[in-house]
Amino acid sequence: MRRLIFVSASLVSLFQVEGAFAGVSCPGPAPAPNQAPAVTPDTSRQSASATAGLIADRVATVVSSINVGGAGATGTGPGSQTGDRANAHCPSLVGNVPDALDQALGASTSAEANGSDRIRYNSVWTGGSYNHIKKDDVNGRYNGDVKNGVAGYDRRVTKDLILGLATGYEEVDITTEYNQGTVEGSSVSVSPYLGYIINGWLSVDATIGHTWIDYDFSRNSGAVKGSTNAGRWFGSANVNAVHRMGDFKLRGSLGYLRLYERQDAYRDSTGAQVEEAQVNFGQIRTTVGGSYDIATGFGVLSPNAFVRVEYDTPASHSVMVGNNWMSSADRTGAVFGVGVDAAIADDLTLNLTATSTQFRQNTEAYSLIGNIRYSF
């Protein structure tokens with residue numbers, strides 16, 4: 001069954017990549033006064049993906065410690081069973097989710113391996129990401145940064161279930177070359193989440209959240225300005241599998257990301273009316289990756305790598321970007337990532353991951369993601 005899931009995920013990845021190079025530029029009517037809709041679908045996708053990914057990585061940390069029979073799963077203290085891994089220096093990971101894959105090694109597993117009777121039911125954590133986006137559409141070029149920070153708390157409710165709550169902050173700073181302007185945004189979000197272990201190699205996680213956003217737009221070298229508010233709902237769900245081969249882990253996941261954003265209508269500084277805009281977006285994601293555990297004097301290091309193939313449904317629509325051109329909005333892309341996880345002592349885990357988004361027409365994105373978690 002495990003082999004079937006990994007083979008299926010790989011085949012889905014191959015079929016989806018075939019459509020990555022489809023072109024969508026085509027003639028269209030003249031542009032609207034403010035062309036922010038050409039930018040906000042991409043920045044919203046990147047923002048929601050980063051926030052959901054940071055939370056999902058957090059879930060991976062806890063469910064991985066449960067999944068390998070950590071403290072509270074099949075017993076506590078010296079001599080208790082640790083699932084299919086008895087190596088005290090190499091607790092297993094559950095290959096979990098987007099953007100960073102697994103965050104780190106389960107702290108409660110480390111506690112059991114070190115002979116501790118203490119069960120760590122609670123965890124606090126924080127994470128952040130820096131994302132650079134670049135788009136090279138004809139008459140629609142822009143580039144800039146999306147920064148996310150998330151902090152949260154969760155508790156192991158049962159041996160198989162964790163529940164948590166996260167809050168986040170986001171900044172958007174984009175230079176829009178096509179109209180000599182900028183798109184700037186700031187937001188806060190609240191997101192409850194959960195993780196659940198199905199069996200020794202299969203788990204699920206889910207997140208739902210709401211984001212409150214303030215946008216500031218400019219064009220014509222700052223001569224024209226405008227501001228508006230927006231609200232974004234987002235959610236994600238993932239089914240995750242892991243196959244262990246000694247200290248090496250092969251991981252796969254299948255998930256779905258969904259967001260809906262509504263930007264209020266407003267008048268810019270010239271008095272021109274800019275109508276309400278909406279971003280309605282979904283994405284199917286399949287991820288395959290692996291990691292290797294290395295015992296050290298302070299704990300465990302786990303270098304890892306992954307590739308995630310994305311298929312948008314519903315996809316962002318092309319919009320007018322001037323001179324009878326439309327923005328590109330292809331459905332398929334891939335994210336490549338490398339990183340390292342670290343488990344320090346019994347209660348501290350760290351993660352650092354770098355990713356590159358490719359195969360979306362005229363679009364590239366690069367991210368640096370970090371997490372730290374403390375269990376007690």
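**Exercise 1. Determine in which strand of this predicted model Thr207 lies, whether Thr207 is buried or exposed, and which residues Thr207 touches.**

Solution. Thr207 belongs to strand 5, which covers residues 202-219. The relative accessible area of Thr207 is 6%. Buried means under 20%, so Thr207 is classed as buried. Not counting residues up to four places away in sequence, Thr207 touches Ile55, Ser191, Pro192, Tyr193, Phe234, Gly235 and Ser236.

**Exercise 2. Describe the location and the surroundings of Gln263.**

Solution. Begin with the strand: Gln263 is found in strand 7, residues 248-263. Next, take the accessibility: a relative accessible area of 4% makes Gln263 buried, because the limit for that class is under 20%. Then list the contacts. With residues up to four places away in sequence not counted, Gln263 touches Thr40, Tyr215, Thr228, Asn229, Ala230, Glu276, Ala277 and Val279. Thr40 is 223 residues from Gln263 along the chain, while the C-alpha atoms of the two are separated by 9.7 Å. Finally, the side chain of Gln263 makes a polar contact of 3.0 Å with the side chain of Glu261.

**Exercise 3. Classify the aromatic pairs Trp125 with Tyr193 and Phe336 with Phe359.**

Solution. The count of aromatic pairs is five. For Trp125 and Tyr193, the centres are 6.3 Å apart and the planes are at 75 degrees, an edge-to-face pair. Trp125 lies in strand 1 (residues 122-137) and Tyr193 in strand 4 (residues 181-197), 68 residues apart. Both Trp125 and Tyr193 are buried.

For Phe336 and Phe359, the centres are 6.0 Å apart; the planes meet at 80 degrees, so this pair is edge-to-face, the cut-off being over 60. Phe336 is in strand 15 (residues 332-344) and Phe359 in strand 16 (residues 348-360), so the pair ties together parts 23 residues apart in sequence. Phe336, at 37% relative accessibility, is partly exposed, and Phe359 is partly exposed at 31%.

Note on methods:
Residues numbered from 1 in each chain as written. Predicted model: local features only at pLDDT ≥ 70, side-chain atom pairs only at ≥ 80, totals over all residues. Heavy atoms only, no water. Helix = DSSP H or I, 4+ residues; strand = E, 2+ residues; numbered from the N terminus. Buried < 20%, exposed > 50% of the residue type's maximum accessible area, 1.4 Å probe, protein only. Contact = heavy atoms within 4.5 Å. Polar contact = N/O pair within 3.5 Å; in protein donor to acceptor, adjacent residues only side chain to side chain. Phe/Tyr/Trp six-rings, centres within 6.5 Å; stacked < 30°, edge-to-face > 60°.
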